Amino acid sequence: MKISFSIDINSLPATVFGWLEKPEKAVKWMTSVAKTEILHEIPERIGTTFREVVEEDGNGVELQGVITDFKPNRSISFHLDSRVNIVDVEYYVEALQNGTRLTQNANVRWKFPVNVISIFMGKKMKQNISAQSQKEFEKLKELCESGIEG
């Protein structure tokens, strides 16, 4: 399941990127992320591993993550693996005349039995994920535009 989302933020690219480059910042704007911790940090960032706990509707899922690509103030990519899915997500920061465009591209692959459920509920699942992304990006926009540094 491929999902893309973009938002324009009235803030500098470096400010927006500051909220993306450290997984521990996710708990401030990603409403579903309850906990995150770095397991092994690599100075160049690519290969840094971390763990996140995502909670929705009272259910928690632990994800193991790794930074797969990193270009300072431009892009960062993660590979996440949990008991229900595998997610590859890329964030791109693009300077605009009056701010920054943030784009997220995600590829979600469901594991059994969720992959079977997705055959029948895939459209609804994608709508729910897209709505969650929009809510989280609005929170990130609010943080960036209020001048809070990432």
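**Note on the predicted model: pocket, core and selected residues**

1. The largest pocket is lined by 43 residues. Those lying nearest its centre are Val54, Glu56, Asn85, Trp110 and Ile129. The model is a predicted one, and the volume of this pocket is about 1200 Å³.

2. At least two residues each come from helix H2 (26–29), S3, strand S4 (59–71), strand S5 (75–81), strand S6 (85–96), strand S7 (99–110) and helix H3 (114–145). The biggest contribution is that of H3, which gives ten residues. By residue type, the lining divides into 26 nonpolar, nine polar and eight charged residues.

3. Asn85, one of the residues nearest the centre of the largest pocket, has its place in strand S6. Is Asn85 buried or exposed? Asn85 counts as buried because its relative accessibility is 10%, and the cut-off for buried is under 20%. Apart from neighbours within four places in sequence, Asn85 is in contact with Leu63, Leu80, Val108, Arg109, Trp110 and Lys111. Trp110, one of these contacts, is also among the residues nearest the pocket centre.

4. The largest nonpolar core holds 31 residues. Which residues have the most contacts inside it? They are Leu20, Trp29, Ile76, Phe78, Tyr91 and Leu102. For Trp29, the contacts beyond four places in sequence are Trp19, Leu20, Tyr91, Glu136, Phe137, Lys139, Leu140 and Leu143. Two of these partners, Leu20 and Tyr91, are themselves in the list of residues with the most contacts in the core.

5. Thr48 sits in the loop between strand S2 (33–40) and S3. Its relative accessibility is 1%, so Thr48 counts as buried. The side chain of Thr48 has polar contacts with the backbone at two places. A polar atom of this side chain lies 2.9 Å from the backbone nitrogen of Ile42, and the side chain also reaches the backbone oxygen of Arg45 at 3.0 Å. With neighbours up to four places away left aside, Thr48 is in contact with Ile38, His40, Glu41, Ile42, Gly65, Val66 and Ile67.

6. Thr49 belongs to strand S3 (residues 49–56). Because its relative accessible area is 24%, Thr49 is partly exposed; Thr48 is buried at 1%. Excluding residues up to four places away in sequence, Thr49 touches Ile38, Leu39, His40, Gly65 and Val66. Ile38, His40, Gly65 and Val66 are also among the contacts of Thr48. The C-alpha atoms of Thr49 and Phe78 are 9.5 Å apart in space, and the two residues are 29 apart in sequence. Phe78 is among the core residues with the most contacts.

7. Some backbone angles deserve a look. Most residues other than glycine have a negative phi, and most peptide bonds are trans. Arg45, in the loop between S2 and S3, has a positive phi near 80°. Arg45 counts as buried because its relative accessibility is 11%. The backbone oxygen of Arg45 is the one reached by the side chain of Thr48. Asn73, in the loop between S4 and S5, also has a positive phi, near 60°. Asn73 has a relative accessibility of 37% and so counts as partly exposed.

8. Where is the cis peptide bond? It runs from Phe112 to Pro113, with omega near 5°. Pro113 has its place in the loop between S7 and H3. Both S7 and H3 supply residues to the lining of the largest pocket.

9. His79 lies in strand S5. With a relative accessible area of 25%, His79 is partly exposed. A polar contact of 2.7 Å joins the side chain of His79 to that of Asp88. His79 and Glu90 are eleven residues apart along the chain, and their C-alpha atoms are separated by 9.0 Å.

Note on methods: Residues numbered from 1 in each chain as written. Predicted model: local features only at pLDDT ≥ 70, side-chain atom pairs only at ≥ 80, totals over all residues. Heavy atoms only, no water. Helix = DSSP H or I, 4+ residues; strand = E, 2+ residues; numbered from the N terminus. Buried < 20%, exposed > 50% of the residue type's maximum accessible area, 1.4 Å probe, protein only. Contact = heavy atoms within 4.5 Å. 1 Å grid on protein atoms, 1.4 Å probe; cavity = no way out; pocket = protein on both sides within 12 Å on 5 of 7 lines; lining within 4 Å. Points joined across faces, edges and corners; volume = space filled by probe spheres on them. Nonpolar A, V, L, I, M, F, W, Y, C, P; charged D, E, K, R; others polar. Polar contact = N/O pair within 3.5 Å; in protein donor to acceptor, adjacent residues only side chain to side chain. Core = buried A, V, L, I, M, F, W, Y, C linked by side-chain atoms within 4.5 Å.
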